[in-house]
Amino acid sequence: MATRLQYDNNNCEIGVFSKLTNAYCLVSATSASANFFTGYESKLKGVIPIVTTSIGGSGTIGSLCVGNKNGLLLSHTITDQELQHLRDSLPDEVVVQRIEEPICALGNAIACNDYVALVHPKLEKDTEEIISDVLGVEVYRQTIANNELVGSYCSLSNNGGMVHSNTNVEEMVELANLVQVPLVAGTVNRGSQVISAGLTVNDWTAFCGSDTTAVELSVVNNIFKLVQSQPDFVGSEMRKSLIDTYV
Amino acid sequence: MSVMDESGMFNVQQTIGSVLCCKCGVPMAPNAANMCVNCLRSEVDITEGLQKSIQIFYCPECTCYLQPPKTWIKCQWESKELLTFCIKRLKNLNKVKLKNAEFVWTEPHSKRIKVKLTVQAEVLNGAVLEQSYPVEYTVRDNLCESCSRFQANPDQWVASVQLRQHVSHRRTFFYLEQLILRHDAASRAIRIQQVDQGIDFFFGNKSHANSFVEFLRKVVPIEYRQDQQLVSHDVKSSLYNYKYTYSVKICPVCREDLVCLPSKVASGLGNLGPLVVCTKVSDNITLLDPRTLRCAFLDARQYWRSGFRSALTSRQLVKYFVFDVEPPVGEATVGGQKYALSYVQIARESDIGKMFYVQTHLGHILKPGDQALGYDIYGANVNDNEMEKYRLSVKNGLPEAILIKKCYEEQRERKQKKSRNWKLKSLPMEMDDSRGRVDPEKTDKEYEEFLRDLEENPELRFNISLYRDKDYQASETASMTDGEGAPSVPIEELLADLDLSFEEEDDDDEDDMAAE
């Protein structure tokens, strides 16, 4: 079930200030109140470690890092102290790595789950290799709806994915073939097209910005398979790569 | 799913997917707000702050609507002009883009006008929303200024032009009437009244009267003066209301008049023989000396400096028989008209026994056996000082007769009566019967002569519109067996009358034969 969250008084762009994977959760340390952290804690306490941090002193950690259960990649702006803190806090299976990449907003440029990553077309070759090593994924350079920031406009989990609402059908078919999970074009936060900014998701839970309407929430629940509403339906539709009429 | 284009390029087919409206969940094509139109409309009202009801003023007399502060615009019910006017009256309409406007039907006597406006505005993050809403106009009756003034005093005129010519005939006024009709100069006159020796024109505006006088100045030689009379005076704002009157005098010398020039004028024109014939009057007077075939032009100012009058007018024309015409001794072309000087033997119709041997300038059209009209100076008792002075001063005496024009009476009698294939329009004039001097028979005869004049002189027809008479039937018996027939207007010069003035046509026919 997806939960609505809010960062620091009415800010619904929670994906910018946090990162959620199957093995851990990162939350911004610069929040003025503890409510944001408590929001995550209520769902994840005891299941996976929740780590508060900042990257290079900034709270927008969701934009500056990308990770899955295998590893975590950080932009070069991170300080050594923060890097050490992360290494200490996260489980040993997770490889924490800092990469030198001119596009330092890794969270905006890369969308990944545990098996596949879609990256910004202008990413460097070295970075691509590091990604496939550290995260253990297949890397594909892609654009979404003519936009290069695939990390912002696409949110992936191992069960499904959501893309920018203007993505046309042919492109979605192509993407679905790459990531091998069903995709839907949708919105979060009352019609916002920047999916990752308003949504953090892993295999069993998801968190959305507080402006997300009930309709959007139900779409999120269905595509990321967070709700077992109609077992037959899900089972029979599992093969289709593209389902776009969820309510 | 790529398609080969005509140019050979790969064009990937783009199918727009559908997303769910974030509010109501209905599938829709994605847009900038990602809300379906209804949800968007419920969120945002772009017509907020726009005027939905307004009052407009209407004058029932002249069907005009008031555009404050002072302009009254004439519009028909539910016309394009009314729509434009209604939209102009709305304030704040520049905040949104107007896409469409149309009238919604309302009962005409309900005093309400309803207009449905469709406007477009940008909302949220770049989505453009279109919405239509009705605007109601309450119409209030209010007489406009000019109508209320008219109601108070229907005969109210502000400026009048009194046109006079002190001669005994109305030829000039017939001609002027046609000129005015052709140029539409009196279209703004409130009233036109015909008086003895002239016509009065009444206007609602001093500038209208002024432009009318300017028009007259261009077509006839006139002298005028302007006077004004105080009607009312507003002490506080120092506004004065006047009635203006233009007294316009037309020069009394007309076409075909015989003039004896005073010696000063004659010498001023290069010793033009004092006996001259006036051949054309437009904005200047053309005087032709029949003995030397020399012409002189006098414009209005020059004429009024001396102010001479004609010695003999066309009333005193006498019919002559032409017995012999000698070959012309000299020819001249004056002002587009050819003249030839020759000697002729003529005798008056009333006294055929007495033959005269005179010079004439009509040598180019006269042939033996013709009839001509001319002035009988031999037998006439001319009441003109200049003529007397000239008669005493000259050695050989005055010429016994001066021929003016050829007479087509015989040919006319051969033609059937009322066989003109053209007709004229007339001004809406009021007759002034108060003096009792009007003689309908006389005016009829004068008008008939005027029409004959038009037939004979193409240059007179130049500035006049002649209309084809639909009732005219060409008679088969009108065959010209011998030589020339009576002059008639060639059909190319006639204007086909517009069907718009259908009612006027019938009236015109009657007017032609009746007096003005």
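Analyst: Between chain A and chain B, 1 residue pair is in polar contact, with both residues at pLDDT 80 or more. A polar contact is a pair of N or O atoms within 3.5 Å; within protein, one must be able to donate a hydrogen and the other to accept it, and residues adjacent in sequence count only if both atoms are side-chain atoms. The model is predicted, so local features need pLDDT of at least 70 and side-chain atom pairs count only at pLDDT 80 or more, while totals for chains, interfaces and linings use all residues. Residues are numbered from 1 along each chain as its sequence is written, chains are lettered from A and ligands numbered from 1 in the order in which they are written, and side-chain values use heavy atoms, with hydrogens and water left out.

The count of salt bridges between chain A and chain B is 0. A salt bridge here is a side-chain nitrogen of Lys or Arg within 4 Å of a carboxyl oxygen of Asp or Glu. Two elements of chain A, helix 8 (169-179) and helix 10 (214-223), each supply at least two residues of the side that touches chain B. Helix 10 of chain A gives the most to that side, with 3 residues. Helices (H or I, at least four residues) and strands (E, at least two) are DSSP runs, numbered from the N terminus. By residue type, the side of chain A that touches chain B divides into 6 nonpolar, 9 polar and 4 charged residues. In this grouping Ala, Val, Leu, Ile, Met, Phe, Trp, Tyr, Cys and Pro count as nonpolar, Asp, Glu, Lys and Arg as charged, and the others, Gly among them, as polar.

The contact takes 19 residues from chain A and 21 residues from chain B, where contact means heavy atoms within 4.5 Å. About 1400 Å² is buried between the two chains, and carbon and sulfur atoms give 52% of that area. Of the area that chain A buries against chain B, A:Glu170, A:Arg190 and A:Val215 supply 35%, more than any other three residues. Buried area is the accessible area (1.4 Å probe) that two parts lose on being put together, summed over both.

Chain B has 11 helices and 28 strands, and buried residues make up 43% of its 516 residues. For a residue, buried means under 20% relative accessible area, exposed over 50%, and partly exposed in between (1.4 Å probe, protein chains only). Among the contacts in chain B with a separation of 6 or more, 63% join residues 24 or more positions apart.

Apart from neighbours within four places in sequence, B:Val382 is in contact with B:Ala311, B:Leu312, B:Met387 and B:Glu388. B:Ala311 is 71 residues away along the chain, yet its C-alpha atom is 6.8 Å from that of B:Val382.

Helix 8 of chain B also holds charged pairs. Side chains of opposite charge can pair when their charged atoms come close. B:Glu386 and B:Lys389 meet in a salt bridge at 3.6 Å, N to O; they lie 3 residues apart in helix 8 of chain B, about one turn of the helix. B:Lys389 is exposed, at 53% relative accessibility. B:Arg391 forms a salt bridge with B:Glu388, the closest N and O atoms being 3.8 Å apart. B:Arg391, at 32%, is partly exposed, and B:Glu388, at 34%, is also partly exposed.

A further salt bridge joins B:Asp453 and B:Lys405, at 3.9 Å, N to O. This pair links distant parts of the chain, 48 residues apart: B:Asp453 is in helix 10 (residues 440-456) of chain B and B:Lys405 in strand 25 (residues 401-407) of chain B. B:Asp453 is buried, with a relative accessible area of 6%. Salt bridges that share partners join B:Arg171, B:Arg255, B:Glu256, B:Lys405 and B:Asp453 into one network. Over all chains, the whole structure has 23 salt bridges.
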